[in-house]
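Here are my notes on the model, point by point. Have the coordinates open while you read.

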Amino acid sequence: MKAELRGNTPPISLQNPNLFTAPQNSLSGALRGCLGNLDGACIEKLLLHCASALESNDVTLAQQVMWVLNNVASSLGDTNQRLTSWFLRALISRASRVCPNTAETFSGGGSSGGVPRRLMSVTELAGYVDLIPWHRFGFCAANSAIFNAIQGCPAVHVLDFSITHCMQWPTLIDALAKRPEGPPSVRITVPGFRPPVPPFLNVTSEEVGLRLANFAKFGDVPFEFNVIEDSSLPTMGEIISKESCSLYFESLLSQLNLSMLNIRDDEALVVNFQNWLRYLPDDQNGMARSMSLRDAFLEVIKGLNPRIVVVVDDDSDLSASTLTSRITTCFNYFWIPFDALETFLPKDNHQRIEYESDIGQKIEDIIASEGLQRIERLESGPKLSQRMKSSGFLSLPFVEETVREVKSLLDEHASGWGMKREEDMLVLTWKGHNSVFATAWFPNGVED
């Protein structure tokens, strides 16, 4: 998707049009063609110009471009203005590492200017994931694929790697409770920590497990909930530093074996990745092994011989090494949720501001951080599919019943949401543009 596709958003007039005629040479070049107004294409052009200046350590030029962006940015404006405000924060944060007083210069503010991060209640989290179908799409597609894959199984063990605190599972438990042959026993295992990304919950993983157990009890579904314990790991409610993620993932990897997980002979193993694989490092820096931690993780999962592996994530490639490449992709991709929220929520709606703030945190990580500080290393659906195939997995196509269920879910939301098939993937779209992908896999060589 290109920035020009946002042309139906009214252009924004600069508060200080003299910036266009200022004798600032390179800045004038960046503004050429904008004709006194800034639409999405011009904003993207300015962001790229600022990124190029930062990459070449030209802080003066970068600050000049930031002044122009600061005239546009507004956290309570239209889609482009709100999105620009978060990119400006990210660029200020990055520039501040070279020139510490940068953040004090702009009203757009640095990372401290966002909505204070808070812990949600379970009820608030349910409303959060229901706001737009960003998460529910993946829940629905995954649950339907899992339900079909475990037909006839007397026991199911779900190994759940997600950032949404098990919000996915009540729907699946309810469906299993209604199986004509009776429900299977269900066991869910979660890691003892999660990446330091929102949404954050105000209860522990054990409390989440108790709530799921009570829900399962109403449907007469035998249920167990386990947390992968490790004394070196923080609890699920504790927020870890981004630099520590690799160490915790390494520790978790050592826990993933049949014995430690206590996988039973009669259990059908299900592995669920919801917005998770992106946080596993995809380089070999400082590692003794011959593959990245992401590939090593998949190799271990394959060795567990799961019946099905579901992978759901945002459908964009945000892992490029250059800042300019990441800005182009990031700006055109994150316009989608900002635009979707614009269609039905007031500009000062607290839920909207909080949701956008969470996206803004991702933008800041992608734009302002490098090395171990940058943990948002998303890859697109096609790239993920190739990785899965290279890791020894075969694609498991979604059946028509799953397609119908997802379409029914989307009917509950704004008309701009849609779904399409791309090879064996299901893809959530907004106004025709890819948003989230869902895929299902099984290890090559596994027989029913």
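**Notes on salt bridges, strands and a buried loop residue**

1. Glu370 and Arg326 meet through their side chains in a salt bridge, 2.7 Å from N to O. Glu370 sits in the loop between α13 and α14 and Arg326 in helix α12 (residues 323–342), so the pair ties together parts that are 44 residues apart in sequence. A salt bridge here is a side-chain nitrogen of Lys or Arg within 4 Å of a carboxyl oxygen of Asp or Glu. Helices (H or I, at least four residues) and strands (E, at least two) are DSSP runs, numbered from the N terminus.

2. Before going further, a word on provenance. This is a predicted model, in which local features need pLDDT of at least 70 and side-chain atom pairs count only at pLDDT 80 or more, while totals for chains, interfaces and linings use all residues. Residues are numbered from 1 along each chain as its sequence is written, and side-chain values use heavy atoms, with hydrogens and water left out.

3. Back to that first pair: how accessible are its two ends? Arg326 is buried, with a relative accessible area of 0%, whereas Glu370 is partly exposed at 32%. The cut-offs are under 20% relative accessible area for buried, over 50% for exposed and partly exposed in between (1.4 Å probe, protein chains only).

4. Another pair to look at is Glu379 with Arg294, a salt bridge whose closest N and O atoms are 3.5 Å apart. This one links distant parts of the chain: Glu379 is in the loop between α13 (350–368) and α14, Arg294 is in helix α11, and they are 85 residues apart. Glu379 counts as buried at 10% relative accessibility, and Arg294 is buried too, at 2%.

5. Helix α11 (residues 293–303) has Leu293, Arg294, Ala296, Phe297, Leu298 and Ile301 as its buried residues. Their cover includes β3, α10 (245–255), β6 (267–274), β7 (308–314), α14 (381–390) and β8 (393–395), on a contact criterion of heavy atoms within 4.5 Å. After the helix comes Asn305, with a positive phi near 60°.

6. Asp174 is partly exposed, with a relative accessible area of 33%, and Lys178 counts as exposed at 61%. The structure holds 28 salt bridges. Arg82, Glu342, Lys347, Arg352 and Glu356 are linked in a network of them.

7. Now the strands. Six of the six residues of β10 (residues 425–430) are buried. Both faces are covered, with Met425, Val427 and Thr429 on one side and Leu426, Leu428 and Trp430 on the other.

8. What does β10 pair with? Val427 stands opposite Lys420, and its bridge partner in β11 is Phe437.

9. Check the turns as well. The β9 and β10 hairpin has two residues between the strands, and Glu423 takes a positive phi near 55°. The hairpin of β10 and β11 also has two residues between its strands, with Lys431 in the turn at a positive phi of about 50°.

10. Last, Ile163, in the loop between β3 (155–162) and α8 (169–177). Ile163 counts as buried at 2% relative accessibility. Leaving out residues up to four places away in sequence, Ile163 touches Arg194, Val197, Pro198, Pro199, Gln274, Asn275 and Tyr279. Asn275 is 112 residues from Ile163 in sequence, yet their C-alpha atoms are 6.6 Å apart.

Key: Two strands pair if DSSP finds at least two bridges between them.
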